[in-house]
Amino acid sequence: MKTNTPKTERNDSNTTANQKITPLFAKDYNVYINHTDAGGIVYHANHLVFFENCRRDWFTQLGLNGYFLQTDDGEVQHFVVSQADLQYKRAILLDEIISVRIDKVEIKPASIVFYQSIHRHLANDNSKANDSLLSSTKIVIACVQNQIRPASVSNSENNNTQSDANVATATPMRPIRVPQQLRDIIEQAIHQHATAP
């Protein structure tokens with residue numbers, strides 16, 4: 001009988017190799033009751049919350065003020081998630097300690113791509129390294145700038161109704177390039193990680 005053992009071994013080998021890659025940033029988080037559903041399993045949307053917290057904590061470590069930047073002209077620049085691809089591998093349980101990681105970052109002209117993962121916190125037990133992955137994601141955050149459009153003044157009720165409709169459908173922000181200062185800080189962090197012993 002033919003088996004798929006060689007293919008499985010090759011996949012396990014790749015997984016093991018990936019586990020040995022040092023993440024760009026990692027932080028442990030406790031899983032509390034508010035993260036879980038009635039069965040004590042972390043609600044699927046809360047994986048995104050942990051990924052978000054990890055990105056913000058990394059930005060803070062880099063000396064950045066979360067996601068909000070202000071230009072010399074007083075314009076507010078920030079980030080919005082434009083894409084999120086998640087893969088759920090295993091359940092995260094109440095009262096666990098999880099390691100949330102930023103494995104890789106790519107800087108595009110107007111966005112930053114994060115490859116992240118969540119792992120079960122295993123206390124120096126390398127024999128279970130392949131079982132630690134709980135979920136992984138590719139998240140794209142787009143750089144945008146707030147757009148403030150003054151409301152038009154009108155004495156006509158019909159014109160006011162039309163104006164209200166325009167304000168409701170107006171885009172309050174526009175895409176912009178990733179600011180050079182932010183790009184430099186992130187690229188320096190990636191370079192330092194790549195050249196670390």
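Mentor: Rings of Phe, Tyr and Trp (its six-membered ring) pair if their centres lie within 6.5 Å; planes under 30 degrees apart count as stacked, over 60 as edge-to-face and the rest as tilted. Here Trp58, Phe59, Phe79 and Phe114 form one aromatic cluster. This is a predicted model, where local features need pLDDT of at least 70, side-chain atom pairs count only at pLDDT 80 or more, and totals for chains, interfaces and linings use all residues. Residues are numbered from 1 along each chain as its sequence is written, and side-chain values use heavy atoms, without hydrogens and water.

Trainee: How many aromatic pairs does the whole structure hold?

Mentor: A search finds five.

Trainee: What makes the pair of Tyr29 and Phe50 tilted?

Mentor: The ring centres of Tyr29 and Phe50 are 6.1 Å apart and their planes stand at 55°, so the pair is called tilted.

Trainee: Why does Tyr29 count as buried?

Mentor: Buried means under 20% relative accessible area, exposed over 50%, partly exposed in between (1.4 Å probe, protein chains only). Tyr29 has 12% relative accessibility, so it counts as buried. Phe50 is buried too, at 2%.

Trainee: And what makes the pair of Trp58 and Phe59 tilted?

Mentor: Their centres are 5.9 Å apart and their planes at 45°, so this pair is tilted. Both Trp58 and Phe59 are buried.

Trainee: How do you know that a charge sits over the ring of Phe114?

Mentor: The rule asks for NZ of Lys or CZ of Arg within 6 Å of the ring centre and within 35 degrees of the ring normal. Arg55 lies over the face of Phe114, at 5.8 Å from the ring centre.
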